[in-house]
Amino acid sequence: MPVIEVDGLVKRYRDVTAVDDVSLHVEQGQIYALLGLNGAGKTTLIRMLLGMITPTAGSVSVLGAAVTAGARSAWARTGYLVEAPVAYPELTVRENLELVRRLRRLPGGTDEVIERLALAPYAERRARTLSLGNLQRLALAKALIHAPDLLILDEPVNGLDPAGVVEIRTLLAGLAHQHGTTVLLSSHLLAEVARLATRIGILHHGRLLAEQHADQLDQHRRRHLHLGTRDDTAAERVLQAHGYHPHPAPGGGLQLTDEHALARPDQVATVLVQAGVPPTRLLTEEEDLEAYFLRIVGADHG
Ligand code: ATP
């Protein structure tokens, strides 16, 4: 049974359709990333998963229970972080966590979660004195304190420095792999998400445009062969005569997207050498992740 099941979900605010007929399934142990630009509808979707706002249409079920306003059966097994990280500013990191621990009636202390989120050096500091990155860590500690089966995180790496991003990535991957924790997170950074998520859903203008396994991303990204020569015009003629379709590359040189050129760059080189215009450069380039993401999203505009 999927841990999260969303079916035909819609949220309309007067003339804005924030979430438009979204259906998705998240399986146990998956790290599912909702990827989208600002305003794509990520936060609205996440709030509906948590029963914080009521959908205009459609249904959500989490950990086997339907999510409706006031239905809290799944909450004991869910940890979440939505929008800006919040904490009681005058309480210390430890006191903030202690409060959550008591509210959740958890045995033991807060040392373990403080350690796990690398918050030990700040444990006795008031929350209002923390950097955004450490405040985000505290918010994650609150989400994780009860070892939930499901974590729902809106932009969890927002405000973290590169080392912090790596730490959170390692932490989440460890939870999913070792404890079977299911994670649903949102982000606007595909490159970041590609390293962490097992499955990615691209959300744009409230619609789920594409869904794919992270390890399939490579297959969907465009590739081309980039050629440098001393005489691009001559090289272009030679390649055309051999059935290739070269075109000028943006920064000089030639580009080939023909499948047989990508599969056998050595043959391209041989043809050019034999014609007396040997390549000075020959390399396969792959569309970077952000370019890929923008292309998918751009497809929506026709
Ligand atoms: P961001 O990364 O900027 O937070 P997001 O992907 O989380 O973006 P949402 O916050 O879900 O996007 O917003 C989706 C759309 O719904 C936006 O156009 C937003 O202006 C609109 N919206 C969200 N909440 C409301 C509201 N309470 N009333 C009216 N419009 C809203």
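Reader: How far from an oxygen atom of the ligand does a backbone N or O atom of A40 lie?

Author: In this predicted model, the separation for A40 is 3.0 Å. A polar contact is a pair of N or O atoms within 3.5 Å, so the A40 pair counts as one. Numbering starts from 1 along each chain as its sequence is written, and side-chain values use heavy atoms, with hydrogens and water left out. Local features need pLDDT of at least 70 and side-chain atom pairs count only at pLDDT 80 or more, whereas totals for chains, interfaces and linings use all residues.

Reader: Which residues are around the ligand?

Author: They are Y13, V16, A18, L37, N38, G39, A40, G41, K42, T43 and T44; each qualifies because one of its heavy atoms lies within 4 Å of the ligand. By class, this shell has 5 nonpolar, 5 polar and 1 charged residues. The nonpolar class is Ala, Val, Leu, Ile, Met, Phe, Trp, Tyr, Cys and Pro, the charged class is Asp, Glu, Lys and Arg, and the others, Gly among them, are polar.

Reader: Which element gives the largest share of the shell around the ligand?

Author: Helix α1 does, with 3 residues. Both β2 (16–26) and α1 (42–49) supply at least two residues of the shell. These elements are DSSP runs numbered from the N terminus (helices: H or I, at least four residues; strands: E, at least two).

Reader: What volume does the largest pocket have?

Author: Its volume is about 460 Å³. A pocket is an open set of points on a 1 Å grid over the protein atoms alone, with protein on both sides within 12 Å along at least five of seven lines; in a cavity a 1.4 Å probe fits but cannot get out, and lining residues have an atom within 4 Å of a point. The 20 residues that line the largest pocket include Y80, V100, R104, K142 and A143, which are the closest to its centre. The elements β6 (78–81), α2 (93–103) and α4 (132–144) each give two or more residues to this lining. The lining divides into 13 nonpolar, 4 polar and 3 charged residues.

Reader: Which helix gives the most to the lining of the second largest pocket?

Author: Helix α3 (residues 111–116) does, contributing 3 residues. About 180 Å³ of space lies in the second largest pocket, and its lining has 6 nonpolar, 3 polar and 3 charged residues. Among the lining residues are R101, L106, E112, V113, R116 and H146.

Reader: How many cavities of 30 Å³ or more does the structure hold?

Author: There are 2. The second largest cavity has a volume of about 50 Å³ and is lined by P156, V157, L185, S186, S187, E192, V193 and L196. Strand β8 (182–187) and helix α6 (190–196) each give two or more residues to this lining, which divides into 5 nonpolar, 2 polar and 1 charged.

Reader: Why does V82 count as buried?

Author: Its relative accessibility is 16%. Buried means under 20%, exposed over 50%, and partly exposed in between (1.4 Å probe, protein chains only), so V82 counts as buried. V82 lies in the loop between β6 and α2.

Reader: Why does R14 count as exposed?

Author: R14 has a relative accessibility of 86%, so it passes the limit for exposed. R14 lies in the loop between β1 (4–13) and β2, and its phi is positive, near 40°, in a residue other than glycine.

Reader: Why does R169 count as buried?

Author: The value for R169 is 18%, so it is under the limit for buried. R169 belongs to helix α5 (residues 162–179). R169 and L196 are 27 residues apart in sequence, with 6.1 Å between their C-alpha atoms.

Definitions and conventions. Points joined across faces, edges and corners; volume = space filled by probe spheres on them. Polar contact = N/O pair within 3.5 Å; in protein donor to acceptor, adjacent residues only side chain to side chain.
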